[in-house]
Structures are given as C-alpha cells and as structure tokens.
Amino acid sequence: MKKLGCYQNGNYQVTLFDDGTKIRENDFDWFAPEHPESMDIKITNFCDRVCPWCHENSTPDGTHGDILNSKFIDTLHPYTELAIGGGNPLSHPDLVPFLLKCKTLKLIPSMTVNQEHFVKEFDLIQKLAEQKLIYGIGVSLTGVNDDLIQKLRALPNSVLHVIAGVVSVDDLRRLYDYDLKLLILGYKVFRRGKDYYSDSVAKRKKNLYALLLELIKHFQVVSFDNLAVCQLDVKRLMTDKEWKEFYMGNDGQFTMYIDLVKREFAKSSTATERYPLLEDIKPMFKKVRREAV
Amino acid sequence: MRQIRQNVFETNSSSTHSITMCAKSDYDRWKKGKLFLNDGSSWFSYSPYKTKTFVTREEAIDIVTNNRYRPDEPLESLDEDDFLEVLRERNIYTYDDYGADFEYFEDSYTTPSGEEVVAFGYYGYDG
C-alpha cells in the first residue's frame with residue numbers, strides 16, 4: 001500500500017493510499033473540514049441503457065455537461081476525490097481531456113459505469129487506470145457472468161455496485177469468493193426509481209437484509225452508501241467502536257454533489273434543495289455542510 | 001480522533017463504510033489464547049500480516065516492529081505484561097484484554113454452507 005497524498009483539511013489530517021484506504025486523524029474528538037474530501041460529479045445525462053430504476057433519469061437524449069470550463073475545478077484541494085458519473089461518463093467527448101486536467105491538479109478521480117459499458121469499453125478503462133487517470137472503477141451490476149468477474153478481478157480498484165431491492169440474493173451468491181469489492185447502494189425512490197418501486201423491490205431488499213451477515217464473509221470489502229446504511233440497518237452488524245471508526249459521515253458532512261449538466265450543486269444526488277454552481281468550492285461546501293450538520 | 005475507510009475509493013457520492021466479521025474457528029483459537037485480535041489499527045505497519053483479523057504471536061510482533069512507528073525498546077527485552085501492553089497500545093488484543101472495561105457481547109450465525117460466523121464487540125458505558 002503506497003501513500004498517494006496527505007493534506008490538512010480544517011482541523012484534521014487526511015492520508016490517502018493507493019488502494020483507496022483513507023485515514024482521518026486529529027487530536028480532537030471532532031472533524032471540521034474546510035473543503036470537501038470527495039464529491040459526486042455528474043458529467044452527462046446521456047445513457048443508452050435506460051435502466052428502469054435510474055434515479056438520474058438518464059436517456060439517449062440526455063445532454064453532456066461543459067466539463068472543461070467549470071472554474072470551481074481549479075479551486076479544489078489536491079487529493080480531493082471525484083466520483084464521476086452520469087449518464088454514461090464514457091460517452092462524454094471531453095472525458096479524457098478532463099481527466100488529464102484532474103491529474104494536473106492532483107485530484108483523485110474515480111468513475112462509475114454500467115456493467116455493459118464496462119465490458120464493452122474495458123480496454124479504455126484499463127488504460128485510464130494504468131495511466132492513473134482514474135483510480136476507483138465502480139461497475140453497476142446488470143447480470144452476473146464469468147466475463148464480468150474476470151474483468152473485475154483484472155482491475156484491483158474496481159468495485160461492484162449493487163442496489164438494495166434490485167439485486168437478487170442468487171446473483172450475490174454467484175459472486176462469492178472471488179475476492180471482489182462490493183458497494184451496496186440504498187434504493188432511491190426518486191425519479192424513475194419511484195415508478196419502478198414495487199412489492200418485488202421491497203422483498204429483494206428484505207432478503208438482502210437477512211443475507212448481510214453471510215454476505216460480508218465472501219467479499220474482500222463490503223461498503224454501503226448512507227441510504228443503504230439506513231435501509232439495511234448496517235449498524236446492527238458492528239460494535240459501537242467499529243461504527244465510530246468506520247462510519248465516514250452523513251451526506252454533505254465531508255462530501256457533496258455537483259451536476260455539471262444542470263450546473264447545480266447539492267448535498268447529495270437525491271437532495272431536492274439545489275443551488276446554482278459557483279466558481280469557488282469553499283462557499284458551495286459551506287452551504288451543503290450547513291444542511292448536513 | 002481517527003476514522004478509516006478501508007481499501008476502496010469513492011465511486012459514489014455518499015460516504016462508505018466497512019465491516020469485518022470472523023470465522024468461529026479463529027474466534028475460538030483467540031479465546032484459547034492461541035491468537036491475538038488485530039483490531040484494524042496497523043495502518044503504518046509494513047507487515048504482510050497487518051490486514052489479518054487474527055494473528056499469531058510472531059505475526060503480531062512483525063506488525064509492531066515492521067512499522068513506521070516502532071516501539072522504543074526491543075520487544076524481546078520486555079516481560080510478558082509490558083509486551084502485552086505494547087500490543088494493546090496498537091489495538092492488538094488477547095481475549096482477556098479486549099474490551100476489559102466495557103460491556104462485552106457476542107453473537108454467532110451459521111451460513112447456509114455450514115460455516116459458523118461470530119460477531120463480537122463491546123459497548124461503552126454512558127457515564
């Protein structure tokens with residue numbers, strides 16, 4: 001494990017390693033960040049998959065954001081993590097120049113793509129990872145198969161994304177014991193996700209709740225977003241000490257969301273309170289942090 | 001204060017969290033004093049054993065000494081109590097030491113494949 005960087009953020013120090021491990025430390029009993037440690041950036045609303053549960057409402061008619069001329073990018077602190085998403089971020093014509101700019105600014109971009117796009121564009125993704133233009137690769141699961149597993153294993157920083165209520169227990173068991181990393185996302189009853197919600201979704205969510213204790217033994221890492229933490233009551237599986245050490249904070253506390261298509265920012269991608277994009281990151285973060293605390 | 005995100009980059013807007021549980025066989029060996037619990041606090045160690053939840057005495061020594069912050073004194077020169085104290089300072093525990101001042105709990109579960117899994121820990125007192 002190599003250190004990527006270390007920086008001061010408000011009253012604490014952040015150390016980031018090349019396998020994604022992040023450590024926050026200080027001599028106080030609270031953290032007061034001045035700028036976000038990470039942010040979700042939506043760069044396009046174009047996607048040809050039209051997944052029925054997509055809470056971003058991305059479509060083949062979706063437009064791309066202007067990602068090369070957004071001034072706030074230049075105000076981000078080095079080693080800020082960017083979770084780039086869409087739509088299909090691979091479809092953005094300026095993706096590579098944008099990633100090169102991120103590299104110059106010493107930012108740490110990661111990207112999430114749909115499984116179909118991951119498999120189809122695997123060579124490109126692998127090259128981007130080799131060139132350190134992207135670090136983490138999130139892959140949204142659509143169906144388990146050997147090809148997917150092999151490709152995930154070929155990229156050490158890949159993380160398989162599944163949605164509670166969409167993924168089945170059978171599919172998860174087929175992924176067992178391949179040393180994969182798994183991120184479980186909560187079900188967002190938002191936009192198309194609202195229409196897709198049904199008794200079947202609720203049942204699959206309930207089955208996943210019951211499976212958790214078994215599941216975590218069969219992956220290298222199992223992570224949860226904040227919505228999944230609530231929906232699956234993840235705290236029941238941890239000691240108070242573990243919870244205090246591993247719970248990385250509420251949405252907006254250290255993180256934020258930026259939509260470069262609509263040029264808005266918010267606490268998270270599902271927040272309904274959204275604000276026009278500014279040119280400096282600090283006042284934007286200050287605003288979302290006030291909502292989070 | 002310290003918080004750790006293990007082994008994964010941010011690929012999603014929301015914060016992420018990690019859990020590690022253990023097999024009952026390891027848990028039993030720890031209870032019998034044959035293993036130490038490495039409570040996830042060896043981030044400055046270069047040891048190949050640092051990510052293991054349960055470690056042997058030799059592996060625990062390697063985690064502590066093969067480290068950016070080594071103990072001031074060689075571990076061989078310490079008596080058993082001082083040796084265990086050094087390990088405790090680095091959150092490596094015997095069964096007896098773990099959560100000694102707190103309310104301890106454990107829970108077990110058998111997976112469909114027959115493997116027994118143990119979840120354990122302790123709660124701090126409110127006052």
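This is a predicted model: local features need pLDDT of at least 70, side-chain atom pairs count only at pLDDT 80 or more; totals for chains, interfaces and linings use all residues.
A search over all chains returns 14 salt bridges for the whole structure. One of them is formed by the side chains of A:K22 and A:E81, with an N to O distance of 3.1 Å. Because A:K22 belongs to strand β3 (residues 22-25) of chain A and A:E81 to strand β5 (residues 81-85) of chain A, this pair ties together parts that are 59 residues apart in sequence. Both A:K22 and A:E81 are buried. A further salt bridge, at 3.8 Å from N to O, joins the side chains of A:K101 and A:D74. Here A:K101 is located in helix α1 (residues 95-104) of chain A, whereas A:D74 lies in the loop between β4 (38-42) and β5 of chain A, so the pair ties together parts that are 27 residues apart in sequence. A:D74 is partly exposed, its relative accessibility being 45%.

Within helix α4 of chain A, A:D147 and A:K151 are four residues apart, about one turn of the helix, and their side chains meet in a salt bridge of 2.8 Å, N to O. A:D147 counts as partly exposed at 31% relative accessibility, while A:K151, with a relative accessible area of 18%, is buried. Salt bridges that share partners also join A:K22, A:R24, A:E37 and A:E81 into one network.

The loop between α4 (146-154) and β8 (158-163) of chain A contains A:N157, which is buried at 17% relative accessibility. The side chain of A:N157 reaches the backbone oxygen of A:D18 at 3.3 Å. Residues up to four places away in sequence being left aside, A:N157 touches A:D18, A:D19, A:Y135, A:G136, A:I137 and A:K181, together with B:F9 of chain B.

No disulfides are found over all chains of the structure. With regard to cysteines, A:C102 is buried, with a relative accessible area of 0%, whereas A:C230 is exposed at 61% relative accessibility. A:L124 is placed in helix α3 (residues 122-130) of chain A and counts as partly exposed, at 32% relative accessibility.

Chain B comprises three helices and seven strands, which follow the pattern β-β-α-β-β-α-α-β-β-β along the sequence. Of its 127 residues, 49% count as buried. Among contacts in chain B between residues at least 6 apart in sequence, 40% join residues at least 24 apart.

Conventions: Residues are numbered from 1 along each chain as its sequence is written. Chains are lettered from A and ligands numbered from 1 in the order in which they are written. Side-chain values use heavy atoms; hydrogens and water are left out. Helices (H or I, at least four residues) and strands (E, at least two) are DSSP runs, numbered from the N terminus. Buried means under 20% relative accessible area, exposed over 50%, partly exposed in between (1.4 Å probe, protein chains only). A polar contact is a pair of N or O atoms within 3.5 Å; within protein, one must be able to donate a hydrogen and the other to accept it, and residues adjacent in sequence count only if both atoms are side-chain atoms. Contact means heavy atoms within 4.5 Å. A disulfide is a pair of cysteine sulfur atoms within 2.5 Å. A salt bridge is a side-chain nitrogen of Lys or Arg within 4 Å of a carboxyl oxygen of Asp or Glu.
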